[in-house]
Amino acid sequence: MTNTDFTEWLRGLADDRLRALVTTRPELITPVPAHLEGLVIRATSPSAAGRALDRLDRFALAVVETFLVLTEQDGAGLPYKDLRKAVARSVRSGEAGRLDGALREAVDHLRTMALLYGPDTALRLAPGVREVSEAPAGLGPPAIEAFRHHPPERLQELIRAVHRGKDGQGEVAAERLAGLLAEGGVVGRLLDDVGPQARAALDELAWGPPAGRLPNARREVSVATAQSPIEQLLARGLLAATGEDSVVLPREVGLALRGGRIHRDLRPEAPALDGAGREQGLADRTAAGQAFSFVRMAEELCERWSVDPPGTLRAGGLSVRDMKKTVQLLDAPEWITALVVEVAHAAGLVASSAPADGEWLPTTAYDGWRVKATEDRWEALAAAWLAGDRVPGLAGERDDRDRLLNVLHPELRRPAAAEVRLRTLRVVASAGQGLAPSAGSVRERLAFEQPRRRGTYRDQLVDFTLREAEQLGFTGLGVMSVFGRELLPASSPEPAKPPRSPSSRSRAVAPATPAQLLAPLLPEPVDHVVLQADLTAVAPGPLTSELGRWLTLAADVESKGGATVYRFGEGSIRRALDAGSSADDLITMLEKHSTTPLPQPLRYLVTDVARRHGRIRVGTASAYVRCDDPSVLDEVMADKRAVALRLRRLAPTVVASRSTRAAVVDSLRAIGYSPVAESSDGDVLVTRSDARRTERPSSARPSLGPAGPDPDLVAAAIRAVRAGDEAHQARRKPVAAPDGQVPRSPSTSTVLALQEAIRQGARVWIGYLDSQGHATSRILEPARMEGGYLTAYDETRAAVHRFALHRITGVADVG
Amino acid sequence: MSDGPLIVQSDKTLLLEVEHERADECRKAIAPFAELERAPEHVHTYRVTPLALWNARAAGHDAEQVVDALIEFSRYPVPHALLVDIAETMSRYGRLRLEKSEDHGLTLTSTDKAVLEEVLRARKIQPMLGERLGEDSVVVHPSERGNIKQALLKLGWPAEDLAGYVDGEYHEITLTEDDWTLRSYQREAADAFWHGGSGVVVLPCGAGKTIVGAAAMAHAQATTLILVTNTVSAHQWKQELLKRTSLTEDEIGEYTGTKKEIRPVTIATYQVMTTRRQGVYRHLELFDARDWGLVIYDEVHLLPAPIFRMTADLQARRRVGLTATLVREDGREGDVFSLIGPKRYDAPWKEMENQGWIAPADCVEVRVTLTDQERLAYAMAEAEDRYRFCATTPSKTRVTETLVRRHAGEQVLVIGQYIDQLDELAEHLDAPVIKGETRVKERERLYQAFREKEIQVLVVSKVANFSIDLPEASVAIQVSGTFGSRQEEAQRLGRVLRPKADGGGARFYSVVSRDTVDQDFAAHRQRFLAEQGYAYQIIDADDVLASE
């Protein structure tokens, strides 16, 4: 197997095709390879090939699998028309009409991804793909592999069985057997020989998985001695033993059983979504209602945590007890509470004040967020949820080591979360106006789009996404809302997109931002409440924030939702009085904001509580001075020398002091007397403690967003690869170098390029192996070069660094 | 944004703006599946509970109607999760059915195999079941018909009881509507019960529940067992039945502490039914004494636990429960649902009042300020004596006297908890007192005298709370209560809510000591009354005394 053809094909591609390649497979340029051969090595590596296959939809994958089955080696070319013939056989009846367009598109796409190459007359599979494709289309290994490790005598016996007694001496037995099985009609003939039970067993394996378990699989049976149905199969080579207790269906047999089709019911196009129809307007309003209540919950959470922050567990996260408290606070089920907490965290509204034994506090960013309009606040939360790799739905489950995963636990993440989330929402959005796709059809669509990624693991993420999207208001009644749709990033840049197209263009033509779309759907804030004789106040909508905060102080919230029900009680009125209001203030405020007359019982309640409020006063004093003769105390109070004691006359015969008893006694003695107090200034203290804040952590990991790499980066990377490749090509030429000239060192072109950059003061892109040998890429402003080192300003790290020249793998202009 | 009268809260309460033009329409739409929890002047609160939803299912409403009603009238979008939850809860009712099969007797049948499997595996259910009849059906021991319904409700899978009823022994009963007629809501209530099979009729005190009972009997045309709270109530039932139906004196038996008559229509008290000797309920045989065709439970919210257990064995007989409120202080609403039956009829107090069936009531709280000495004594009282102390202060007596004088010429009831206080009041007011030790004969004589306006002031203890009929009381003064019980409040209010001959309004005073636990209890009471929609006013005792 050689990669040369593939390398040459890649080298021959136009730059825009290369750009398209690395745009669809961004991992090929992270970091930027030094040259084209480096790119090939990376592209054909198992991990990269696997990731490329992961990106294929079921139809494109089926095309690759068909290719794998039809050609046994990568070098072999396959004409497009043969491929089409094979795929056409697999397509489910009734959908053949759409085959040609879909196949053409799929092949082009596979070429773009460099999984197929070569002209239509001889399409070839890229190296590396075969190695990562186990059991393509659920077919077993070819007979030659399946029987490779059988002992020669056993093979001879099988050949005799297949070949009806004729001897197969003289050939390599396994190849001979494989050849026989591949012959047209042979398998059919063998199948006719075995009983219906054996046939049924084969049918079980026919459409995969092709392997089965069987005790004592390597038993020696012949057609004559075969007892059970399975033995009949083993005796005829229709099943091959692959181990002591496992068997496999050889590919040739499988294909024969499938009647020449490689896939069953292949769909050229994605399955349609089905689900309930809803009125889009209603869905939007419902989603807006959810968006509103989600924002409110986040605010409520932060407000509470401002004054009563929960601790950070040593392992990170929130303790179960604190979680329970939060559940109570938000009055929401546990998973919704977890979602609110996680989203507030992802949006940078709450953070831990210290990695261990710290507290979860709102950040300074929260203060900025809090004063924004509801729609903007929602956008911030929704965007954070969309892009995060944390999975709130996993909270409460256990990890591999059976440790409880708490909310905010560092391990509560899945690398694929953001991608699955976005894909899921795109599918929901693609359902069109007013259709709420069922969870099943969403999963089915995703299974079509990314068949290699399917599994319970992804289905779980999909389910989380759907229910969380509903909570956040991305969807309403299961339908994508207008504003939610707008928040989804545009799908990956088209491969054919010219470089340097202004990436903001798509945004510029957008009619409105998500927040602008959301704003008119939100309920209007109201500035009044309805007061009732049962001592409740009903706010028939969201309150303006000032009134809302005041009511939360003066009354207890009894019920939340579209409206808020507040209940006044002795405790709540006292709380308001404690915070510095007077009875008159309270009544004025209530009258001002009530649409109905103040009910008499409420007025009574306020005046009653106020009447008793503060009748008994409590203060702090360190010492007191008592004297039965008020006139003596008058003297003390009048004495300027006693001012330092900060004396306070509580009653004609009592004075309190904040100084210690000893100090008071000493001072009074010094003046010629003897010692007392309420609080420092005699006022009642406002008990509300100050809200606290922590710093927002430095921004989270830079990751390739689901939208794919920036076109500018791609273009620069391709230039770097090209430049490196030229250098690499040049390096091969020294043999032909003219005599007498000093051979260029391998990195001469690199050095030259860097010198040029230093002269021009230009920025360059380099590939660099760091001290651990990891390949990285940097954008530099080279300053000088000496002693085998380059000194440059590293833009990616925002610092001046020295780089060893021998570790620089390639250079390109950033332009 | 739609402009509906309803706001749906995330805790499943519904807020209805009463002044909204579509409020009436909305009330009708949500009443079947939401319990009215509070009805103060502007915004009424309904609560959607599983029981309320199942009541709605039992009345033939489906989830779609419920969801439509919410969406149609809601001002703000209804959370999807809530709608899903409602649909899910409602679908639980009727998945399991109790049926009567020709071959196997009582069977539990399900259309949903998984549900049947789930309940079959419940440990509490297993002993009640017999042979499995295929995938979707299982035999139930006939004696467990009530118990299994109770247990299934607890599991969240309430069973629909379609096993039918025995007809009972035929006995002719007709209403004699000569000088009176059945009110429209009474007819509707009786019809609703009859079509539903068994169940509870919720009507306010004074709305004529006895007559609904009589109408139910006329439907059943069968021997009837009536269970009431006490002897006085039993007498009154008897009087009413004689007046309203074709039944004669000989056909109605009383089964009480003193008499043990068993006749085609028998009225028994809860007390006698729950009397035990040596751990055995002595009077259980009454349930089997005749082939009863109908069992009437008066004041279902007071039904004692042993009666529930007995009722569990009576599931083949038609049952009707009569009550003013489904709220039980012990929280056994679920047992009422499964053993007596779902709610069949409900009319809000306020509406009945608007239609003139019950008198409007003015509720006034009179706040008495304790004298300094009383306050000192109150502060020093032991915790358990405190309520008694502040509820019976002499200051209250003075205010009560003033109030009685103010309403001279009207029929006045003074209601209290503590006998000493009542005796003292009776002495001051020169009025007779009815308390626990008063003989039944004497009670009835006094009631009659009060009814005929021979006496105008009557002092009563809590024995008068239940089922007495004082049609002409227009003023009630409550001087002490049982720690602010909501249910007691409903009863006491009922005392004065009966329609008056002159159509005048009723007045309900509570005399409360300021700044004491009495006031805390009064706050509960006040909340209850305000929630029921009564105008509630607070006045100072000093103002009352000054007006003299």
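In the predicted model, strand 20 of chain B runs parallel to strand 23 (residues 475-478) of chain B, and four bridges join the two. Within this pairing, V412(B) stands opposite V475(B). Strand 20 of chain B also pairs with strand 22 (residues 457-460) of chain B, in the parallel sense and over four bridges. Here L413(B) is placed opposite L458(B) of strand 22.

In a regular strand, side chains alternate between the two faces of the sheet. Strand 20 of chain B, which spans residues 412-415, is covered on both faces. V412(B) and V414(B) lie on one side, L413(B) and I415(B) lie on the other, and all of them are buried.

A second sheet is found in chain A, where three strands are arranged in the order 3-5-4 as an open sheet with antiparallel pairing. Strand 3 (211-213) and strand 4 (240-243) of chain A are at the edges; each has a single partner strand, so one side of each has no neighbour in the sheet. From one strand to the next, the twist averages 35°. Strand 4 of chain A is joined to strand 5 (residues 246-248) of chain A by three bridges in the antiparallel sense, and A241(A) stands opposite V247(A) in strand 5.

The contact between the chains involves 29 residues from chain A and 26 residues from chain B. On the side of chain B, the elements giving two or more residues are strand 1 (6-8), strand 2 (13-17), helix 21 (517-531) and strand 25 (535-540). Helix 21 of chain B provides the largest share, four residues. By class, this side of chain B comprises twelve nonpolar, seven polar and seven charged residues.

Terms used. Residues are numbered from 1 along each chain as its sequence is written. Chains are lettered from A and ligands numbered from 1 in the order in which they are written. This is a predicted model: local features need pLDDT of at least 70, side-chain atom pairs count only at pLDDT 80 or more; totals for chains, interfaces and linings use all residues. A residue is buried if 20 or more other C-beta atoms lie within 10 Å of its own, exposed if 12 or fewer, and partly exposed in between; C-beta atoms are placed from the backbone. Two strands pair if DSSP finds at least two bridges between them. Two residues are in contact if their C-beta atoms, placed from the backbone, lie within 7 Å. Ala, Val, Leu, Ile, Met, Phe, Trp, Tyr, Cys and Pro count as nonpolar, Asp, Glu, Lys and Arg as charged, and the others, Gly among them, as polar. Axes are lines fitted to C-alpha atoms, for helices over the stretch in contact, and angles run from 0 to 180 degrees between N-to-C directions.
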